[in-house]
Amino acid sequence: RLTYLENTAELDAIVCMGSAKSAYDDDPWMLQLCEFFRSVGDTRLKVYGSCFGHQLINKAFGGTVTKNVDHGFVFGADEIKICIPEDIAGSAISGLLVDGTKLKMLQSHGDELVRLGEGTDCWPPPGGA
(Lines give C-alpha, C1' and ligand atoms only; values in the text may rest on other atoms or scores of the structure.)
Protein backbone atom coordinates (compact mmCIF):
# COMPACT_ATOMS: atom_id res chain seq x y z
CA ARG A 1 0.00 0.00 0.00
CA LEU A 2 1.19 3.47 -0.86
CA THR A 3 1.76 5.65 2.20
CA TYR A 4 0.26 9.09 1.67
CA LEU A 5 1.54 12.30 3.11
CA GLU A 6 -0.99 13.29 5.73
CA ASN A 7 -0.38 17.02 5.48
CA THR A 8 0.63 18.50 2.14
CA ALA A 9 -0.16 22.07 3.24
CA GLU A 10 3.46 22.80 4.12
CA LEU A 11 4.84 21.53 0.82
CA ASP A 12 5.55 23.75 -2.19
CA ALA A 13 5.77 20.96 -4.75
CA ILE A 14 5.94 17.22 -5.36
CA VAL A 15 8.19 15.68 -8.01
CA CYS A 16 7.48 12.28 -9.58
CA MET A 17 10.37 10.85 -11.60
CA GLY A 18 11.10 7.84 -13.81
CA SER A 19 10.34 4.15 -13.44
CA ALA A 20 11.00 0.90 -15.25
CA LYS A 21 7.20 0.48 -15.33
CA SER A 22 4.81 1.82 -17.98
CA ALA A 23 2.24 4.42 -16.96
CA TYR A 24 -0.49 2.70 -18.99
CA ASP A 25 -0.26 -0.37 -16.74
CA ASP A 26 -2.69 -0.61 -13.82
CA ASP A 27 -0.47 -1.80 -10.97
CA PRO A 28 -2.22 -1.08 -7.64
CA TRP A 29 0.53 1.32 -6.45
CA MET A 30 0.22 3.33 -9.67
CA LEU A 31 -3.56 3.61 -9.34
CA GLN A 32 -3.10 4.76 -5.73
CA LEU A 33 -0.57 7.36 -6.84
CA CYS A 34 -3.01 8.57 -9.53
CA GLU A 35 -5.66 8.92 -6.79
CA PHE A 36 -3.20 10.99 -4.73
CA PHE A 37 -2.44 13.29 -7.70
CA ARG A 38 -6.17 13.88 -8.20
CA SER A 39 -6.61 14.60 -4.48
CA VAL A 40 -4.09 17.46 -4.61
CA GLY A 41 -5.14 18.66 -8.07
CA ASP A 42 -7.28 21.53 -6.78
CA THR A 43 -4.79 22.72 -4.17
CA ARG A 44 -1.97 25.25 -4.48
CA LEU A 45 0.53 22.37 -4.45
CA LYS A 46 2.53 22.16 -7.67
CA VAL A 47 3.06 18.67 -9.06
CA TYR A 48 5.87 18.07 -11.55
CA GLY A 49 6.57 14.85 -13.39
CA SER A 50 9.50 13.83 -15.52
CA CYS A 51 9.45 10.80 -17.83
CA PHE A 52 7.22 8.16 -16.17
CA GLY A 53 6.14 10.80 -13.65
CA HIS A 54 4.63 13.14 -16.23
CA GLN A 55 2.97 10.20 -17.97
CA LEU A 56 1.38 8.97 -14.72
CA ILE A 57 0.19 12.46 -13.72
CA ASN A 58 -1.31 12.81 -17.18
CA LYS A 59 -3.07 9.44 -16.81
CA ALA A 60 -4.45 10.49 -13.41
CA PHE A 61 -6.32 13.34 -15.12
CA GLY A 62 -7.68 11.30 -18.03
CA GLY A 63 -4.82 11.65 -20.51
CA THR A 64 -3.50 8.87 -22.71
CA VAL A 65 -0.09 7.19 -22.69
CA THR A 66 0.82 4.44 -25.19
CA LYS A 67 3.79 2.56 -26.52
CA ASN A 68 5.77 4.73 -28.93
CA VAL A 69 4.58 3.04 -32.12
CA ASP A 70 6.31 5.45 -34.52
CA HIS A 71 9.83 5.24 -33.07
CA GLY A 72 9.80 2.13 -30.87
CA PHE A 73 12.26 2.13 -28.01
CA VAL A 74 14.42 5.27 -28.02
CA PHE A 75 17.88 5.13 -26.48
CA GLY A 76 20.62 7.69 -26.93
CA ALA A 77 21.31 11.39 -27.12
CA ASP A 78 18.78 13.72 -28.70
CA GLU A 79 18.60 17.49 -28.96
CA ILE A 80 15.98 19.36 -26.96
CA LYS A 81 15.18 23.06 -26.80
CA ILE A 82 14.61 24.74 -23.43
CA CYS A 83 11.29 26.60 -23.18
CA ILE A 84 10.67 28.77 -20.11
CA PRO A 85 6.92 29.34 -19.57
CA GLU A 86 5.98 32.93 -18.73
CA ASP A 87 4.59 31.97 -15.31
CA ILE A 88 8.04 30.86 -14.09
CA ALA A 89 10.12 33.47 -15.93
CA GLY A 90 11.45 35.05 -12.71
CA SER A 91 11.97 31.82 -10.77
CA ALA A 92 15.17 30.07 -9.69
CA ILE A 93 14.86 27.54 -12.54
CA SER A 94 14.80 30.31 -15.12
CA GLY A 95 18.07 31.57 -13.63
CA LEU A 96 19.69 28.21 -14.39
CA LEU A 97 18.38 27.77 -17.92
CA VAL A 98 18.21 30.23 -20.79
CA ASP A 99 15.07 30.17 -22.92
CA GLY A 100 15.86 28.79 -26.38
CA THR A 101 19.04 26.97 -25.31
CA LYS A 102 19.58 23.69 -27.16
CA LEU A 103 20.99 20.74 -25.21
CA LYS A 104 21.79 17.11 -25.95
CA MET A 105 19.93 14.90 -23.47
CA LEU A 106 20.24 11.17 -22.94
CA GLN A 107 16.93 9.38 -23.41
CA SER A 108 15.73 5.89 -22.64
CA HIS A 109 12.02 5.34 -23.20
CA GLY A 110 9.49 3.37 -25.19
CA ASP A 111 6.25 5.14 -24.29
CA GLU A 112 4.70 8.45 -25.28
CA LEU A 113 2.02 10.85 -24.12
CA VAL A 114 -0.55 11.15 -26.93
CA ARG A 115 -3.36 13.15 -25.28
CA LEU A 116 -3.18 15.61 -22.38
CA GLY A 117 -5.37 15.00 -19.34
CA GLU A 118 -7.91 17.56 -18.16
CA GLY A 119 -6.28 20.55 -16.50
CA THR A 120 -2.73 19.34 -17.20
CA ASP A 121 0.04 21.24 -18.88
CA CYS A 122 3.03 19.83 -20.68
CA TRP A 123 6.35 21.67 -20.70
CA PRO A 124 7.68 21.71 -23.34
CA PRO A 125 4.52 21.09 -25.35
CA PRO A 126 4.18 17.79 -27.28
CA GLY A 127 6.20 18.04 -30.49
CA GLY A 128 8.71 20.47 -28.94
CA ALA A 129 8.72 24.21 -28.94
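Reader: By class, how many nonpolar, polar and charged residues does the lining of the second largest pocket have?

Author: This is a predicted model. The lining of the second largest pocket has six polar, four nonpolar and three charged residues.

Reader: What is the volume of the second largest pocket, and which residues lie nearest its centre?

Author: Its volume is about 190 Å³. Of the 13 residues that line the second largest pocket, S19, K21, H109, G110 and D111 lie nearest the centre. Two or more lining residues come from each of α2 and β5 (102–109).

Reader: Now the nonpolar core. Which residues have the most contacts inside the largest one?

Author: A nonpolar core joins buried residues through side-chain atoms within 4.5 Å. The largest here has 15 residues, and A23, L33, F36, F37, F52 and L56 have the most contacts inside it. β1 (13–16), α1 (28–39) and α2 each give two or more residues to this core. With five residues, α1 gives the most.

Reader: Which residues does F37 touch, not counting residues up to four places away in sequence?

Author: With those neighbours left out, F37 touches C16, V47, L56, I57, A60 and F61. One of these, L56, is also listed with F37 among the residues with the most contacts in the core.

Reader: How should I read the backbone at C51, and where is C51 placed?

Author: Most residues other than glycine have a negative phi. C51 is not a glycine, yet its phi is positive, about 65°. C51 sits in the loop between β2 (46–49) and α2 (52–60).

Reader: Why is C51 called partly exposed?

Author: Because its relative accessible area is 37%, and partly exposed covers the range between under 20% for buried and over 50% for exposed.

Technical notes:
Residues numbered from 1 in each chain as written. Predicted model: local features only at pLDDT ≥ 70, side-chain atom pairs only at ≥ 80, totals over all residues. Heavy atoms only, no water. Helix = DSSP H or I, 4+ residues; strand = E, 2+ residues; numbered from the N terminus. Buried < 20%, exposed > 50% of the residue type's maximum accessible area, 1.4 Å probe, protein only. 1 Å grid on protein atoms, 1.4 Å probe; cavity = no way out; pocket = protein on both sides within 12 Å on 5 of 7 lines; lining within 4 Å. Points joined across faces, edges and corners; volume = space filled by probe spheres on them. Nonpolar A, V, L, I, M, F, W, Y, C, P; charged D, E, K, R; others polar. Contact = heavy atoms within 4.5 Å.
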